[in-house]
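Here's a quick tour to read alongside the structure. Keep the viewer open and follow along, topic by topic.

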Amino acid sequence: MSAIQKLLGIVWAALGVGIIPLAIKQAMTEIAKKPSEENWIFWSIVLVVLMPIIAFSLISFGVFALKGEYEQLN
Amino acid sequence: MAQNLSASHTEEVTSTRKVIMASSVGTLIEWYDFYIFGSLAKIISEQFFPKDNPTAALLATLATFAAGFVVRPFGALFFGRLGDLIGRKYTFLVTLVIMGGSTFVIGLVPGYAQIGFFAPAIVFVLRLLQGLALGGEYGGAATYVAEHSPIHQRGYWTSYIQTTATFGLFVSLGVILIVRQSLGLEAFSAWGWRVPFLLSIFLVAISVFIRMKMSESPMFSKLKKEGKTSTNPLAESFKQKDNLKMVLLALLGATAGQGVVWYTGQFYALSFLQNACNIEFVQSNIIISIALVVGTPFFVVFGALSDKIGRKWIMMLGMLIAFVSYRPIYTVMYNEANLKNKVEIKEKTVIEHKAAVKGTDSLKTTITKKFFEDGTTFKETKKEKFPVDAAVKAAMPKDKLKPEVKKETTLPQNLFVKMIGLVFIQVIFVTMVYGPIAAFLVELFPTRIRYTSMSLPYHIGNGVFGGLVPLISTRLVEATRPAADLPPADPLAGLWYPIIIAAVCFVIGSVYIKNKPAEIDAE
């Protein structure tokens, strides 16, 4: 279990890092396609609220998992 | 000796019941206050946020979203810190007063027609205060109840707090319905909508009175007496590695998945019935209400079960079945309401035309009623409004002349019951993930920083991940629409958001969370 926890830690951290450029690129594409107020509000919420929370928590969680910080829980 | 033990046990149960009562009533009222704004959104929008004023319209959008998921985590931090510094009892008394006071004042604010821009601005601020108070309430109530509960019944007792969100929704809908029926639609739209807001002050007064009589949590009192309370709960919660890693585990392994499952079962299901299946307003609300009423006791069932077999696998199983079965469940719901799958009795079709002139506009209404062999009825109301003057009409942009179309499907008894069953299954998922979660969160953190530490992941999981379900799911469905006037290619596409979040959360929770209910740390 310990090895799986550590291995998955890399996956979570990579996901957290990968989500940042992906969300920014998607937001720019969508807003350029249709620059409506509705689109601006939606992507602002994604970029300012959701994306930072997901990215920060996945990266930090992944690093903790990789260091074996969750091993003693089991 | 045996008699003394039995008397002491009875006293303990009675005392815990009082604690549950005091906490649950207050939390229920907070949810009531929070929901009436949402339930009366249309009227509030007409009164305070006129669409022809872009700033007011923007404030309306912000009021909806900001209170839901930006302010709630801040409330969790602010009141959580306060709760760990001065105590649980006084903190969740303050949140109750702020929530009730804001709700009451919303009922008094003059409309946009009377005081202009001040109206939406005041309501916006009051709505933010509501979000802030809600962010502080839940953690306090859950912590307070858990710290009073017998060790091996923590899941059972805290699960009563979990039922309050659903009951709060009921009470809000019930009060609105009663006031609307008593006053009539016209008086309700003019001023009667204020009554549910004003009523809040009486409910809050009763709850404050009950809570004032309660004593502080025994664990917190002990810490305070020994001078061991935290001096900086925020720093201890989020700057110390040992605690931060548990906050992250709570969020990614439990509350994010629980939040999306909860919002999908309780709110998205209703939106799907009304918008994708076109089920008539009253019938769709009855479907959800019955499913919620029948499902609510299961919060307590799964809370109690978690005391016996552990919190982890009940929550994980709830998430697993939810994300695996969402698409099949919604496919059945969609197909059962889809008129393309039904045989129409064409000779029964009725078409009515109505025309009227109002000022310089001509109003044309076409009502089409269709009947189907399985007992389903369908009503389409098409309203066209255009200037009487042909020259003015010709000069108008086409989108302004677009007719307003309302589609309503009424299901026969057997399909109505089937829909209740399908929503009920989703409510069971909700009770599995939500019933044990208060006890689970309480057990993750030490008493000195419990209020702060558990409130943040709970409100990010529910407010942000859960609260975004309607917005993101609607966008995902819209993205499959080939053209603005064509139906979406995949009406179930909105489910991908809760499915992915619940699946990731399931993997994290299964791999990293331990199952055994923890002894809660007295420090």
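How many residues of chain B are in contact with chain A? The count is 17 residues of chain B, touching 17 residues of chain A. Keep in mind that this is a predicted model.

**Where chain B touches chain A**

- On the chain B side, the elements that give two or more residues are helix H3 (54–86), H12, helix H19 (450–466), helix H20 (469–478) and helix H21 (496–512).
- H12(B) gives the most to that side, with 5 residues.

**The sheet**

- Chain B has an open sheet of 4 strands in the order E1-E2-E3-E4, with antiparallel pairing.
- At its edges sit strand E1 (350–358) and strand E4 (404–410) of chain B, each of which pairs on one side only.
- On average, neighbouring strands of this sheet are turned by 10° against each other, ignoring direction.
- As a bit of background, strands of a sheet pair through backbone hydrogen bonds, either parallel or antiparallel.

**Following the strands across**

- E1(B) and E2(B) run antiparallel and are joined by 9 bridges.
- These two strands form a hairpin with 2 residues between them, and B:Gly359 in the turn has a positive phi of about 65°.
- Moving on, strand E2 (residues 361–371) and strand E3 (residues 377–387) of chain B pair in the antiparallel sense over 11 bridges.
- The hairpin of E2(B) and E3(B) has 5 residues between the strands, and here B:Gly375 takes a positive phi near 100°.
- Another pair to look for is B:Asp361, which stands opposite B:Pro387 in E3(B).

**H12 and H17, side by side**

- Helix H12 (residues 241–276) of chain B packs with H17(B) at an angle of about 150°, and their axes are 9 Å apart.
- Angles over 145 degrees count as roughly antiparallel, so that is the label for H12(B) and H17(B).
- Their crossing is left-handed.
- From H12(B), the contact is made by B:Gly257, B:Gln258, B:Val261, B:Trp262, B:Thr264, B:Gly265, B:Gln266 and B:Ala269.
- From H17(B), the contact residues are B:Val423, B:Gln426, B:Val427, B:Phe429, B:Val430, B:Val433 and B:Tyr434.

- Helix H14 (residues 297–309) of chain B has 13 residues and reaches 19 Å from its first C-alpha to its last, close to the 18 Å expected.
- Its buried residues are B:Phe298, B:Phe299, B:Phe302, B:Gly303, B:Leu305, B:Ser306 and B:Asp307.
- What do these buried residues of H14(B) pack against? Their partners in chain B are helix H7 (154–183), helix H13 (281–295), helix H15 (312–337), helix H17 (413–434) and helix H18 (437–444).
- After H14(B) comes B:Gly310, whose phi is positive, near 100°.

**A loop residue to look at**

- B:Asn278 is found in the loop between H12 and H13 of chain B.
- B:Asn278 has a positive phi of about 55° although it is not a glycine.
- Is B:Asn278 buried or partly exposed? With 19 other C-beta atoms within 10 Å, and 20 or more needed to count as buried, B:Asn278 is partly exposed.

How values were computed: Residues numbered from 1 in each chain as written. Chains lettered and ligands numbered in written order. Predicted model: local features only at pLDDT ≥ 70, side-chain atom pairs only at ≥ 80, totals over all residues. Pairing = 2+ DSSP bridges. Axes fitted to C-alpha atoms, helices over the stretch in contact; angles between N-to-C directions. Expected span 1.5 Å × (residues − 1). Buried ≥ 20, exposed ≤ 12 C-beta atoms within 10 Å, placed from the backbone. Contact = placed C-beta atoms within 7 Å. Parallel < 35°, antiparallel > 145°, perpendicular 65-115°, else oblique. Left-handed = near helix turned anticlockwise from the far one by under 90°.
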